[in-house]
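Me: I have just opened this one and would like to go through it slowly. Can you help me find my way around?

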Amino acid sequence: MQVEGALGGDIQAIRRDADVISARQSGRQIAERMGYSRPDQALIATAISELARNIVNYAGKGEIEITPVRRRGRMGLRIIARDHGPGIEDLERAMADGFSTGNSFGLGLPGAKRIMDDFDVVTAVGEGVVVTAIKWMGR
Amino acid sequence: MSSRVPILRQGDVLIASIQEELSDGDILDLQLRILEEVIRCRASGVIVDVSALDVLDSFGSRSLSDMAQAVRLRGSRLVIVGIQPDVAYSMVLLGVTLPDVATALDLDRGLALLEAG
Amino acid sequence: MLEIIASSAEDARDGYDLQKAMKWFDLSPEDRDRTMQLGEISESVAEAIIEAFYEHLLSDPVAAQHFHGPDHVEKVKAGQLRYFRELISAELDDDYIADRRRIGGIHERTGVTPTLYIGAYAFYLNRLATIVLDRMKEEPDSAFPLLLSLFKFAHFDMALALETYVDTREETIRDRERELSELPTPVLQLRPGLLLIPVVGTLDSFRARALTVQLLEGIRAHRARAVVLDITGVAAVDSAVANHLIQTMSAARLMGVRSVLTGLSAEVAQSLVKVGVTAEKLQTAGDLESGIELADRLMAG
């Protein structure tokens with residue numbers, strides 16, 4: 001997989017809930033520029049919103065990195081949500097629908113996973129969470 | 001916190017029309033103000049117009065659902081109107097279907113729904 | 001404690017790593033030196049082996065269908081001669097890999113199966129090895145290492161070709177999916193406010209999403225109040241398809257539209273029950289006509 005630098009990307013610091021909005025707006029703009037369909041732009045913005053909100057709710061601060069990528073001739077948009085918060089103790093449970101210690105139906109991670117094509121979570125208790133999600137174009 | 005969503009009154013129906021993307025704080029503020037207004041005006045119904053929103057994530061949806069629930073407890077009804085096609089599509093993929101919340105295509109339809117009882 | 005879940009495997013074929021591949025196949029410059037020593041023998045017999053192979057191949061009527069006349073056969077033979085010459089002596093670089101992959105892609109597209117390809121390879125290697133062992137029978141100890149090096153290259157080659165087969169096949173599938181998704185789903189307006197969607201064919205997740213998007217746009221464009229989804233023409237409804245249909249109807253409801261599902265066979269009704277759908281949650285009707293009646297009633301109030 002290669003990073004497509006020429007198409008622009010973005011790193012958004014996430015510190016408070018208003019940053020959630022600017023992160024998803026940035027993601028939508030990049031997706032639009034890359035030529036994603038409108039429904040796909042909405043999906044990408046929604047996934048970023050969920051991931052950014054998780055950062056605010058559970059880690060306090062972190063960042064969202066948005067990068068156009070290419071794999072075997074196919075374009076994609078990669079979202080990395082990174083924080084150095086408490087990490088996720090029971091990842092399996094966090095990935096199950098309806099589990100939430102916050103206020104959001106508990107759909108944050110599993111919902112974002114359903115929306116995106118590729119989805120990885122790496123976490124260590126006390127060290128934080130890194131979520132990498134990719135939406136491929138034309139799928 | 002500034003009140004970014006005007007709440008208008010038409011007959012005994014309140015209309016809150018969300019014009020721009022709201023932060024979580026704005027949404028919670030709206031939730032509170034709608035309840036206060038419902039009580040103050042003895043409104044029979046509330047319409048929340050979200051047609052300007054291009055994202056409704058799980059937090060926003062949850063807040064709308066809570067709002068509808070709280071309004072119902074006050075003996076009034078809440079209708080969400082104007083969920084856009086792309087937004088509806090993202091919501092169901094996310095897993096949000098708001099089964100207990102009334103919805104309508106737009107403001108007119110929402111008003112008609114409330115009038116019909 | 002590091003926990004990794006839901007890992008979507010990073011594609012190993014991203015940017016082919018030649019050094020890594022050579023290490024994996026235990027290929028070194030010495031191997032190339034050794035196969036070069038087979039150059040003379042190989043050159044002297046390659047044409048004869050290929051002739052023998054085509055005689056063998058063309059005796060099979062199915063395989064013979066791949067060729068459009070003698071000129072085509074000659075052209076393919078020439079290509080094969082070059083292919084085997086390169087196996088013995090070509091420099092292993094990015095151009096070589098690109099060329100091997102190109103050939104693999106052509107094979108996949110023209111219907112040369114992996115069996116046919118590897119079979120041809122085996123035929124060539126067996127014949128050549130037999131001849132080499134025969135000519136070097138005075139010194140078998142030197143013949144073996146040369147052949148082993150040749151086999152390493154051959155396996156490396158076959159792996160490349162098979163990878164390309166898979167890639168090409170995936171690409172074809174993707175193209176087909178794309179074509180399918182671009183098939184417009186008709187959204188018909190029966191009367192003001194009432195839409196009919198006849199769903200026909202197979203409904204995979206790809207197409208289901210396209211259908212949902214089209215329906216939702218149709219709802220907005222026609223200011224619909226109710227939708228009838230007729231699935232009489234859907235080939236197979238398993239629980240995945242049932243889930244798609246429910247998602248579609250849920251999305252329509254978020255826009256304030258009631259939907260009715262018609263054309264359910266007994267099996268379909270069963271799959272819907274399996275994914276946890278009850279009649280109260282989902283409005284259904286036996287046939288299209290009663291579905292439209294039901295939609296009318298829903299619209300009226």
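Me: Which residue of β5(B) does B:Val79 stand opposite?
Reply: B:Val79 stands opposite B:Ala102 in β5(B). Please keep in mind throughout that this is a predicted model.

Me: And how many bridges join β4 to β5 in chain B, and which way do they run?
Reply: Strand β4(B), residues 77–81, is joined to β5(B) by three bridges, and the two strands run parallel.

Me: OK, zooming out, what is the strand order in that sheet?
Reply: The sheet is an open one of five strands in chain B, in the order β1-β2-β3-β4-β5, and its pairing is mixed. From one strand to the next, the twist averages 25°.

Me: Which strands are at the edges?
Reply: The edge strands of chain B are β1, residues 7–10, and β5, residues 102–104, each of which pairs on one side only.

Me: Switching to the chain contacts: how many residues of A and B are in contact?
Reply: On the chain B side there are 19 residues, and they are in contact with 22 residues of chain A. Helices α1 (24–41), α2 (58–73) and α3 of chain B each supply at least two residues of the side that touches chain A, and the largest share, six residues, comes from α3(B). By class, that side of chain B divides into seven nonpolar, six polar and six charged residues.

Me: Last one, how many residues does the contact of chain C with chain B take?
Reply: That contact takes 15 residues from chain C and 14 residues from chain B. The elements giving two or more residues to the chain C side are α9 (205–222) and α10 (239–254) of chain C, and that side has six nonpolar, five polar and four charged residues.

How values were computed:
Residues are numbered from 1 along each chain as its sequence is written. Chains are lettered from A and ligands numbered from 1 in the order in which they are written. This is a predicted model: local features need pLDDT of at least 70, side-chain atom pairs count only at pLDDT 80 or more; totals for chains, interfaces and linings use all residues. Two residues are in contact if their C-beta atoms, placed from the backbone, lie within 7 Å. Helices (H or I, at least four residues) and strands (E, at least two) are DSSP runs, numbered from the N terminus. Ala, Val, Leu, Ile, Met, Phe, Trp, Tyr, Cys and Pro count as nonpolar, Asp, Glu, Lys and Arg as charged, and the others, Gly among them, as polar. Two strands pair if DSSP finds at least two bridges between them. Axes are lines fitted to C-alpha atoms, for helices over the stretch in contact, and angles run from 0 to 180 degrees between N-to-C directions.
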